[in-house]
Amino acid sequence: MLGVSRDGDVVTIELQRAERRNALNLELITLLREAVLAAIADEARVIVLTGHGPIFSAGADLTGVYSEEFLNSLMEMLHLIESAPVPVISAINGGALGAGVQLAIASDLRVIAPDAYIAIPAAKLGISVDRWTVRRLASLIGGGPARTILLGAEPVSAVDAYNFGFANKLGTLADAQAWAKQIAELAPLSLRYMKLVFNDDGTREPDNAQQRAAFEATWSSADAQEGLLARQEKRAAKFVGR
């Protein structure tokens, strides 16, 4: 389910859940969290995250995504990556959907394969991503493109992701690992400080009461159940706003 390898000061963590297109479930989230903590404890200088096969991650495994335990564990894992004292690079080797995009924006740098793409289809499922995700995406690529991805639920090609500033480079996993080796030779205390400043962008501020109520309403709605059922039945969802 998860592969970990080390090359000098660079640790590569690979999602290996091919039968579910590297979708994140509670077990994989836990393993990923443990692998990141282990890499930090082993004094890795840079961590690279990637997916096995033709896709980075299909997002959250919808068979378990509607539980509070899953949502809390996902956010804890994302904040761990964000707050890790070393740079984390996401090597987006294929499509990144939903929670796969969240994994990428929790990282400090992103290298995307030319034929990859990103998408957050939450509005097609009757659910929503959290405030941190909305704010972090907007801080990375600007409000206009972020609205296209979230309110329009439109996929974005690798080239557009690079032009928007979402991806730092176009390239393969090998390119990401080569860049990681270069970064690993830089001063770690300098990198740690700059990472802290970059991530002090207001995205961790809590929802206000109205935002929280609206967020919780999406997850408990009839539309959320309809979105899941429609996906399982491979048909268009019919949302009613309840």
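**View 1. Strands E1 and E2 form an antiparallel pair.** Strand E1 (residues 2-7) and strand E2 (residues 10-15) run antiparallel and are joined by six bridges; two strands pair if DSSP finds at least two bridges between them. Strands (E, at least two residues) and helices (H or I, at least four) are DSSP runs, numbered from the N terminus. Arg-6 has Val-11 in E2 as its bridge partner. Two residues lie between the strands of this hairpin, where Gly-8 takes a positive phi near 65°. The model is predicted: local features need pLDDT of at least 70, side-chain atom pairs count only at pLDDT 80 or more, and totals for chains, interfaces and linings use all residues. Residues are numbered from 1 along each chain as its sequence is written, and side-chain values use heavy atoms, with hydrogens and water left out.

**View 2. Helix H1 meets helix H2.** The axes of H1 (residues 26-41) and H2 (residues 68-83) come within 10 Å and cross at roughly 20°; axes are lines fitted to C-alpha atoms, for helices over the stretch in contact, and angles run from 0 to 180 degrees between N-to-C directions. The two helices are therefore roughly parallel, a term for angles under 35 degrees.

**View 3. Four strands form an open, mixed sheet.** The strand order is E4-E6-E8-E9. Strands E4 (55-57) and E9 (156-157) stand at the edges, each with a single partner strand, so one side of each is left without a neighbour in the sheet. E4 runs parallel to E6 (residues 95-97), joined by two bridges, and Ser-57 has Ala-96 in E6 as its bridge partner.

Conventions. Angles under 35 degrees count as roughly parallel, over 145 as roughly antiparallel, 65 to 115 as roughly perpendicular and the rest as oblique. Contact means heavy atoms within 4.5 Å.
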